[in-house]
Amino acid sequence: MDHSPHLKSYVKKHPDNKMAWYLLGKEYESSGQEGKANYCFNRAGEVFEAFEHKQIPADVWMEYQDKLVQMSKEKERRTARARHLLTALMVLLLIWVPSANSPKRSNENAAVSPVTERAAADNVKTAEVPIVDPTGTAKIGGTNVGGVFTAQGRKGSGAETTLADMLTKTDRLPPKTTVLGMEQSGSWLLWRNGMQPLLSVQNQGNGGLAVQSYDAAACACKPPDRESLRQAGLEWAAGQEELAVLNSSMLAFRSQHQRLPQSLDELTRNFPDNTMYGTTEGMKKAFIPMRSLLASPGQGADQQAGSSAESSPLLASSLHGWPFLGQPLRIVVDKSKHRLGLLSGNVLIRNYPVGLGGEKTPEGKFVISDKVVNPNGKSNGEFGSRGMQLSATNYAIHGTNKPDSIGKNESLGCVRMGKTDVEELFALVPSGTEVVIGTGGLPEQVLVPGSRFMSEPKHDQTNPRKTYHWLN
C-alpha cells in the first residue's frame, strides 16, 4: 500500500521528525524514485544510519510507518469534522442572526451568544491544529546524564513494539530518553547484568525526534558518553528494584486487607504482620505517589507522575513516571537446574543457586506465608538467618548451615540458599509472593549483581515463641 501521500503531509507539518523523513524515503525507494529517496534519507540523518545498519529491526519502522499513517488519517478525519462543525455553525448564524431589513429580535430569542461562538471557534481550532507541549512531561525526568530511562530486549517482536510505541508518542516523551538493552535467555530478559545503552531519543518538539545509537558497529560512529550512560543506567536499575519491592508489597497488602496501606509502617510491622522486611530512602519518597498510582490506575497517570517528580526521583527517572518492574514479584524454582528465579513479568531479576531434596521437594504453586528472621533463634542454625514458609506446609525457602549442599539434592524437601542470597531474597519479596516449583524453565547461569539489594528494618521480625519443623 502506498502511504506516501500521508507521509508527505506528515513531514510538511513535522519537518524535524527524522523518522518520518526516513519512512518517506523508503516509500520513494520502493517505487524506484531514487532521487527523492536520497533527499529524504539526507533529511533523516542518524535515523537513516541506525536503521540501515540494522541497529533496529525493519519491523520497527514498518510498524511506526503504519502508526504515522493512522495518525495522519485521524488528523484528516478531525479536520473534516471541524469543517462540518464550522459549516453547521455558519448555518445556525444565518438562520438566527437577523438581516438589516428584518425586525429586531429580543435578547431572549438570540440563539448563539458571544460566549458560545468563542467556545465553538476554540473547538474548531483545537480540531484543526492539536497543540502539543513536548515539555509537559519532561518535568518528570531526572537531571541525570541519561534523562529518563527505560529498557527492552536487544531483539524480538516485544522490543520492536515497545520502541515503535515510544517513537509515536512524541507528545509524551521527555527531552531525552535512554533505552537500555537487556540480554535474553530463552523467553527471559536478564536484569542488570550486561545491560548496556542501546539508543537515546531526544524530543526536539513539534514531532521532531533525534535518535542516537550506542552501537558503534551499527551506526559507523563513535557514540558519546556511553560509559557514563551505562553507569547511570545501572543506578536507575537498582532504583527500580526499590520500586518493585514497594509496589509488590503494597499489592500484597491490598490483597490481604482489601485496601492499600496508609503508611510504610503498615508494611513493616512486627512478625507476623511484616509484609516486607525494611525500607529505603527511595521508598519513603515514592510511597505517596505510588499509592496514588495504584489507587487510580490509568487515570491521569502522566499528571500524577509529573506531580511526583520532586518527591520521588525513582519514579521520575523512569519513562512516563511508572515503575519499570510494575508486575508483582514472583518466584520460580527449577528443580532440574537447582535454580531459584525472582521475576517481574518476563524479566529475570535474580537467578540464585539452591539446594533441594530431589523428589522430596514438592512441585506446584505456593505463596510465602511466614517470613521469619533467625527461624532457629540464631543466625547460624540449620535454617540459617532467614526463613520463608511455603503456604500451610512444612516446606520453606531458608538458609542453611551446610553451604556445600547448594546445588545438590540433600534436603528433606525444603529449598536451601546461601546466606547472602537468602538475606537478599528475604528483603526483596513480600509476604504473599507467589512461588512456583517445577522442572525446567530457568536458565543455567547465575544472575546476581555485584551490589546486593539492601533495606533497613525497623521492627522485630523474629518469632522466638515458635519452633519450626520444616523438612530441611
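Which residue in β6 is the bridge partner of Ser 200? The bridge partner of Ser 200 in β6 is Gln 212. This report places that pair in its setting.

## The model and its confidence

The structure is a predicted model, in which local features need pLDDT of at least 70 and side-chain atom pairs count only at pLDDT 80 or more, while totals for chains, interfaces and linings use all residues. Residues are numbered from 1 along each chain as its sequence is written, and side-chain values use heavy atoms, with hydrogens and water left out.

The term pLDDT denotes the predictor's confidence in each residue, from 0 to 100. Its mean over the chain is 78, and 71% of the residues reach 70 or more. Among the elements of the chain, helix α6 (residues 114-128) has the lowest mean pLDDT, 33, whereas strand β13 (residues 415-416) has the highest, 98. Over residues 54-58 pLDDT stays under 50, and it also stays under 50 over residues 299-306. Where pLDDT is low, the predicted coordinates should not be read in detail.

## Overall composition

The chain has 13 helices and 14 strands. Helices (H or I, at least four residues) and strands (E, at least two) are DSSP runs, numbered from the N terminus. Of the 472 residues, 50% count as buried; buried means under 20% relative accessible area, exposed over 50%, and partly exposed in between, with a 1.4 Å probe and protein chains only. The accessible surface of the chain comes to about 22,300 Å², and 52% of this belongs to carbon and sulfur atoms. Such areas come from the Shrake-Rupley method with a 1.4 Å probe; for residues, only the protein chains shown count as cover.

A contact means heavy atoms within 4.5 Å. Among contacts between residues at least 6 apart in sequence, 67% join residues at least 24 apart.

## Strands and their pairing

Two strands pair if DSSP finds at least two bridges between them. Strand β5 (residues 196-205) is largely enclosed by the rest of the structure, because seven of its ten residues are buried. Ser 200 in β5 stands opposite Thr 178, and in β6 the partner of Ser 200 is Gln 212.

Ten strands form an open sheet with mixed pairing, in the order β3-β4-β9-β8-β7-β14-β10-β11-β12-β13. Its edge strands are β3 (184-185) and β13, each of which pairs on one side only.

| Strand pair | Direction | Bridges |
|---|---|---|
| β2 (residues 176-182) and β5 | antiparallel | six bridges |
| β5 and β6 (residues 208-213) | antiparallel | six bridges |
| β7 (residues 329-334) and β8 (residues 339-344) | antiparallel | six bridges |

## The nonpolar cores

A nonpolar core is a set of buried Ala, Val, Leu, Ile, Met, Phe, Trp, Tyr and Cys residues joined through side-chain atoms within 4.5 Å. Of the 60 residues in the largest core, Trp 191, Leu 246, Ile 331, Leu 340, Ile 397 and Leu 425 touch the most other members. The largest share of this core, eleven residues, comes from α9. Apart from it lies another core, of 24 residues, among them Trp 21, Tyr 22, Ala 44 and Leu 173.

Beyond residues up to four places away in sequence, the contacts of Ile 331 include Leu 340, Ile 397 and Leu 425.

## Residues in loops

Pro 15 is found in the loop between α1 (4-13) and α2 (18-30), and counts as partly exposed at 36% relative accessibility. Leaving aside neighbours within four places in sequence, Pro 15 is in contact with Trp 21 and Arg 43.

The loop between α9 (226-257) and α10 (281-295) holds Glu 266. This residue, Glu 266, is buried, with a relative accessible area of 9%. A polar atom of the Glu 266 side chain lies 2.5 Å from the backbone nitrogen of Gln 262. Pro 272 lies in the loop between α9 and α10 too, and the peptide bond from Phe 271 to Pro 272 is cis, with omega near 10°.

Gln 258 also lies in the loop between α9 and α10. Although Gln 258 is not a glycine, it has a positive phi of about 60°, and it is exposed, with a relative accessible area of 62%.

Technical notes: Polar contact = N/O pair within 3.5 Å; in protein donor to acceptor, adjacent residues only side chain to side chain.
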